[in-house]
Amino acid sequence: MEGNELPVSRKKNAVWLLLILPGTLFVILFMLVPLFSLCLTSFFPEQSFSLSSYFRLFGDAYFQQTFMRSIRLSLLSTLMCALLGYPTAYYISKFSRHKGMMMAFAVFPMFTSPVVRSFSWMVILGKRGIVNSFLVWSGLFAKPQDLLYNEFSMTVGFVQLFLPQMILSLIGVMDNIPDDLTLAAGNLGATKLGSFFHVVFPLSVSGLVTGSVLVFTGCMTAYTTPQLLGGTDTRVLSTMVYQYAMSLRDWTQASVVAVVMIVATMVISSVFNSVSRKINPMA
C-alpha cells in the first residue's frame, strides 16, 4: 500500500505544479523582472553602484513637498474611506434586507472608468458646477470657490474611486462574524454599543486593514485622478514619475521615485498590519 500511495502523491504534486506554473511565470516575467530592473536602474545609474540619485532626489525641496503631499493625501483618503465605508458595510452585512442590491450599488462606480469619473468631478466642482452654484445660491459665499485643481478635489476623487474596495473588504469579513457572538455578549450584560466595540469591531479589524492597504496603495499609485483633478500645481509621486520619464526623459530619476513610492507603500502597509495585530492579536 505504501508503495502505491507514494507515486499517487507525486502525481498530485506534479499536477499542482503544472497548475500554478503559468501564473508563477506570469508574475515573474511581468512583475518581478520589471521591478528588479527598475531597482537596478536606480542603484546603478552609470554602470556602477551609486546612491547619488537618491541623495539628489531627497535633497530636492520640490520632491520633499511632493512626497509629503502624496503620503498626506493617501492617508487622508484612507481615513475618509474607513469612516464612510465601515458603517456602510456594517449596515449591508447585518441589517440590509436587500444585500445583493446594496452591494451592487456599492460597487457600481467601479464599472466606470477613472477618466470618466474624474471628468465628472471636474464638471461638478468647477466654477459653474453644481456645488459652486449651490454655495452661491444659498448665500454661503458671494462668489464661486476654488474647489478644483487642489488637494480637496484630489481627495474627493480618491475617496469616490477607492471607497468600493473598502466596503467589499469589510463586508467579506463581517459576513463571517456569527450573530451568536453578539447575542451571547448581550446575554452576559453587554449593551449593543459594548457588544459592537468588544466583539464586532475587533473581529472586523482584519477587513479594515485589508481595505486600508488597498485604498492607500491605490491612492499612492493612482495617476489619472491626480493628473486631472490636481492640475499642474498639485503634483504627487505618480505624476512626478510621468514628468521625469516622459517630459524630462530622465529615466534614472523616474526609477528612483518609483522605488521610493514602492518602499513607502510597503512601510505604511506594515504599520497597518502592526496596528491590526495590537488591536486583535488573533487577526
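Which residues in helix 9 meet which residues in helix 10?

1. Start with that contact. The model is predicted. On the helix 9 side are Phe201, Pro202 and Leu203. They meet Val205, Ser206 and Leu208 of helix 10. Sorted by class, this contact has five nonpolar residues, one polar residue and no charged ones.

2. Now the geometry. Helix 9 covers residues 192-203, and helix 10 covers residues 205-221. Their axes lie 4 Å apart. The two helices pack at an angle of about 45°. Helix 9 and helix 10 are therefore oblique to each other.

3. Phe201 also belongs to an aromatic cluster.

4. Next, the aromatic pairs. The structure holds 16 of them. One is formed by Phe108 and Phe111. Their ring centres are 6.5 Å apart, with 55° between the planes. This pair is tilted. Phe108 is exposed, and Phe111 is exposed too.

5. Phe134 and Trp137 have ring centres 6.0 Å apart and planes at 35°, so this pair is tilted. Stacked would need planes under 30 degrees apart, and edge-to-face over 60.

6. Where do Phe134 and Trp137 sit? Both are in helix 6, residues 130-137. They are three residues apart there, so about one helical turn separates them.

7. Trp137 counts as exposed because its relative accessibility is 70%. The cut-off for exposed is over 50%.

Definitions and conventions. Residues numbered from 1 in each chain as written. Predicted model: local features only at pLDDT ≥ 70, side-chain atom pairs only at ≥ 80, totals over all residues. Heavy atoms only, no water. Buried < 20%, exposed > 50% of the residue type's maximum accessible area, 1.4 Å probe, protein only. Axes fitted to C-alpha atoms, helices over the stretch in contact; angles between N-to-C directions. Parallel < 35°, antiparallel > 145°, perpendicular 65-115°, else oblique. Contact = heavy atoms within 4.5 Å. Nonpolar A, V, L, I, M, F, W, Y, C, P; charged D, E, K, R; others polar.
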